[in-house]
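Please read them with the structure open.

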Amino acid sequence: MLYSLLIGLQVVAAIAIIVLVLIQHGKGADAGAAFGSGASGTVFGARGSSTFLSRATAVLAAVFFLNSLGLAYLSAHTGAGGSVVDQPGAQQIVGGASKPAPATNSTSSTTTAPTQSDVPKQ
């Protein structure tokens, strides 16, 4: 139940981060206008206070990161702790694969070596 809830939160956080990043206005978007208007010092300089979108992206990135750690912990520390081979259905597969193949008679004369070469002599 908890694992499914965290997976859902991970998907929602990932989609929200993608949307927020695509909505945001980039730093270099005003580069062409800034050179012509005399404000070339602000082209790649400090942006000032961060906007709501950048703060929301940072919070969602932190949620995504912590959720990833939680999912990794849950997946490593849940389950029976045994091998996959120890599960009931795997015994039939392993048991069927361990049967030896039927032996062939290596001394049978069904295949004889050719007495003459197929390559013509020159």
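1. From the N terminus on, the elements of the chain run α-α-α-α. The model is a predicted one, and its chain holds four helices and zero strands.

2. Of the 122 residues in the chain, 11% are buried. Among contacts with a separation of 6 or more, 72% are between residues 24 or more positions apart.

3. Helix H1 covers residues 2–23 and helix H3 covers residues 52–76. Their axes come within 9 Å and cross at roughly 150°. Angles over 145 degrees count as roughly antiparallel, and H1 and H3 are therefore roughly antiparallel to each other. The crossing of the two helices is left-handed. By class, the residues in the contact of H1 with H3 are 20 nonpolar and five polar, with no charged ones.

4. Which side chain does Gln10 meet in a polar contact? The partner is the side chain of Asn67, at 2.8 Å. Gln10 belongs to helix H1, while Asn67 belongs to helix H3.

5. Are Gln10 and Asn67 buried or exposed? Gln10 has a relative accessibility of 14% and so counts as buried, the cut-off for buried being under 20%. Asn67 is also buried, because its relative accessible area is 5%.

6. The surroundings of both residues can be listed, leaving out residues up to four places away in sequence. On that basis, Gln10 touches Phe64, Asn67, Ser68 and Leu71. Asn67, in turn, touches Leu6, Leu9 and Gln10.

7. Val63 is another residue of helix H3. How far is Val63 from Ala13 in sequence and in space? The two are 50 residues apart in sequence, and their C-alpha to C-alpha distance is 7.3 Å. Val63 has a relative accessible area of 32%, so Val63 is classed as partly exposed. For comparison, Asn67 in the H3 helix is buried at 5%.

Key
Residues are numbered from 1 along each chain as its sequence is written. This is a predicted model: local features need pLDDT of at least 70, side-chain atom pairs count only at pLDDT 80 or more; totals for chains, interfaces and linings use all residues. Side-chain values use heavy atoms; hydrogens and water are left out. Axes are lines fitted to C-alpha atoms, for helices over the stretch in contact, and angles run from 0 to 180 degrees between N-to-C directions. Angles under 35 degrees count as roughly parallel, over 145 as roughly antiparallel, 65 to 115 as roughly perpendicular and the rest as oblique. A crossing is left-handed if the near helix is turned anticlockwise from the far one by less than a right angle, and right-handed if clockwise. Ala, Val, Leu, Ile, Met, Phe, Trp, Tyr, Cys and Pro count as nonpolar, Asp, Glu, Lys and Arg as charged, and the others, Gly among them, as polar. Buried means under 20% relative accessible area, exposed over 50%, partly exposed in between (1.4 Å probe, protein chains only). A polar contact is a pair of N or O atoms within 3.5 Å; within protein, one must be able to donate a hydrogen and the other to accept it, and residues adjacent in sequence count only if both atoms are side-chain atoms. Contact means heavy atoms within 4.5 Å.
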